[in-house]
Amino acid sequence: MSVPGPHDVGGRGGYGPILIEPDDGFRAEWERKVVGLTYSSLEAELFPADRWRARQEELHPLAYVRMSYYERWLYTLERNLVLHGVLTEQEIDVRLQEIAGASDAGCSSSDGSPDGSANAAPERLPRAIRPPVLEAPLPPRFAFGDHVRTRVIAIEQLGDEHTRLPHYAQGKLGIIARVLPVQGLPDAVVKCMEFRPEHTYSVQLLGSDLSVDGDPNASVCVDAWESYLEPAE
Amino acid sequence: MLGKDQTYLALRTKAIESLLIETGLITEESVDSIVRTYEQDIGPMRGAEVVARAWTDPEYKARLLENGVDAVNEVTGGGIDPKEIVVVENTDSVHNIVVCTLCSCYPWDVLGLPPSWYKAPAYRSRVVCEPRAVLREFGVVLDPKVEIRVWDSSSEVRYLVLPQRPVGTDGKSVGELAELVCRDALIGAGLVKA
């Protein structure tokens with residue numbers, strides 16, 4: 001079983017107390033802009049939402065928890081724009097320096113970018129256009145009340161590969177609580193830009209199976225694509 | 001981005017914005033109007049109106065539980081993204097609470113901007129393995145016999161909790177009932193005002 005990525009926090013400890021603060025707004029104008037740029041980019045289909053989510057998952061665990069929420073949005077926005085050939089890191093650096101009015105190399109490029117990589121023109125990918133209709137080729141395999149087992153899904157390279165089956169929910173027995181609509185499989189979009197339609201389901205996992213102190217009177221219902229599931233023995 | 005200060009982040013955002021607009025692929029108006037909509041036009045009141053209608057109109061409630069998107073659009077006048085909305089009903093024996101453990105998926109179209117705690121790892125990590133304790137921290141103390149269902153929004157489906165109508169509200173109008181419904185109750189992390 002692979003180690004969960006920094007985003008896959010369900011059931012893990014060590015994140016401290018839940019800080020219930022009254023505000024939920026933006027703390028700076030740039031945060032507001034990042035949200036607007038992200039939604040505009042997604043509407044313009046510059047990259048798919050699944051790859052926008054997945055790219056954050058390549059962050060080092062320390063970076064993931066120390067960066068603010070909208071810093072991560074800015075990170076994945078830039079990474080996706082660059083990887084999909086919309087902008088280059090070099091032109092972003094140059095424009096930043098122009099705006100800042102810096103005359104020396106004080107404003108350096110993004111963290112972790114090796115010398116020379118910012119100068120290479122990325123492969124221009126076609127726009128991430130999702131087909132208008134997603135229809136699964138076969139009827140649903142499962143129905144309400146069916147007993148299923150969730151698969152174990154190994155991710156070899158975070159950021160380049162992706163799944164939406166949380167680590168805590170892998171390799172578990174569950175019951176189909178609801179049949180959900182056909183949705184494109186995120187794993188395929190991220191890995192190879194394939195919009196693969198599958199039936200999806202809400203799968204109820206028993207609390208007592210999920211942790212040592214599991215509450216027998218609690219359960220978690222997780223959404224799962226059909227390829228995440230097998231019939232239970 | 002790690003270690004960069006607010007000035008740098010603002011400059012980098014500005015650099016990306018100006019370059020993107022120059023490509024002609026997006027416009028400045030689209031960038032600003034989307035956020036304005038979520039900040040000003042959409043908020044938990046949308047969800048509260050849906051709940052108040054469900055409390056007073058049993059046929060609407062049945063439609064809401066059957067097809068969340070269509071029923072929510074009836075109240076909001078349309079415009080909800082066609083992603084599915086599933087409404088889960090609290091009862092005397094079941095309490096529902098919503099999370100997105102993998103990131104922070106949230107019903108923006110119905111509730112507006114998500115609260116900070118919902119997006120942070122502490123809530124996302126703990127609510128799936130100790131929901132009863134987490135609810136207590138939010139001031140929701142449930143009888144141990146009440147079943148808790150946690151809905152992890154791992155797909156494009158968005159979940160909305162339909163809280164129970166408080167006792168003693170028979171004479172209230174739909175508008176007055178909507179005022180009792182707070183955002184946290186629609187997530188399942190709070191109770192409606194009595």
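Start by selecting A:Glu98 and A:Arg95: both sit in helix α5 of chain A, 3 residues apart, about one turn of the helix. Helices here are DSSP runs of H or I with at least four residues, strands are runs of E with at least two, and both are numbered from the N terminus. The model you are looking at is predicted, so local features need pLDDT of at least 70 and side-chain atom pairs count only at pLDDT 80 or more, while totals for chains, interfaces and linings use all residues. Residues are numbered from 1 along each chain as its sequence is written, chains are lettered from A and ligands numbered from 1 in the order in which they are written, and side-chain values use heavy atoms, with hydrogens and water left out.

**Stop 1**

The term means a side-chain nitrogen of Lys or Arg within 4 Å of a carboxyl oxygen of Asp or Glu. Side chains of opposite charge can pair when their charged atoms come close.

Which of the two partners is buried and which is exposed? A:Glu98 counts as exposed, at 53% relative accessibility, whereas A:Arg95 counts as buried, at 16%. Buried means under 20% relative accessible area, exposed means over 50%, and partly exposed lies in between (1.4 Å probe, protein chains only).

**Stop 2: a pair that ties parts together**

Next, select A:Glu161 and A:Lys191. Their side chains meet in a salt bridge of 3.9 Å, N to O. A:Glu161 lies in the loop between β1 (147-150) and β2 of chain A, and A:Lys191 in helix α6 (residues 186-192) of chain A, so the pair ties together parts that are 30 residues apart in sequence. A:Glu161 is buried at 17% relative accessibility, while A:Lys191 is exposed at 56%.

**Stop 3: strands of chain A**

Now switch to a cartoon view and pick out β1(A) and β2(A). These strands run antiparallel and are joined by 3 bridges. Two strands pair if DSSP finds at least two bridges between them. To see one bridge, click A:His147, whose partner in β2(A) is A:Ile175.

Then move on to β2(A) and β3(A), which pair in the antiparallel sense over 9 bridges. Here, A:Ile176 stands opposite A:Val203 in β3(A).

**Stop 4: two residues with positive phi**

Most residues other than glycine have a negative phi, and most peptide bonds are trans. Select A:Glu45, which is not a glycine and has a positive phi of about 55 degrees. Look for A:Glu45 in the loop between α1 and α2 (49-56) of chain A; A:Glu45 is partly exposed, with a relative accessible area of 24%.

A:Met193 also has a positive phi, of about 55 degrees, without being a glycine. You will find A:Met193 in the loop between α6 and β3 of chain A, where A:Met193 counts as partly exposed at 23% relative accessibility.

**Stop 5: where the chains meet**

Colour chain A and chain B separately. How many residues does each chain give to the contact? Chain A gives 81 residues and chain B gives 75, with contact meaning heavy atoms within 4.5 Å. The area buried between the two chains is about 6900 Å², and carbon and sulfur atoms give 60% of it. Buried area is the accessible area (1.4 Å probe) that two parts lose on being put together, summed over both.

Between chain A and chain B there are 8 salt bridges. Several elements give two or more residues to the side of chain A that touches chain B, including α3 (61-66), α4 (69-83) and β4 (218-225). The largest share of that side, 11 residues, comes from α1(A).

For a close-up, select B:Arg12 and A:Asp93, whose side chains meet in a salt bridge at 3.0 Å, N to O.

**Last stop: strands across the interface**

Finish with β4(A) and strand β3 (residues 147-152) of chain B. These two run parallel, joined by 5 bridges. Click A:Ser219 and you can find its bridge partner in β3(B), B:Arg149.
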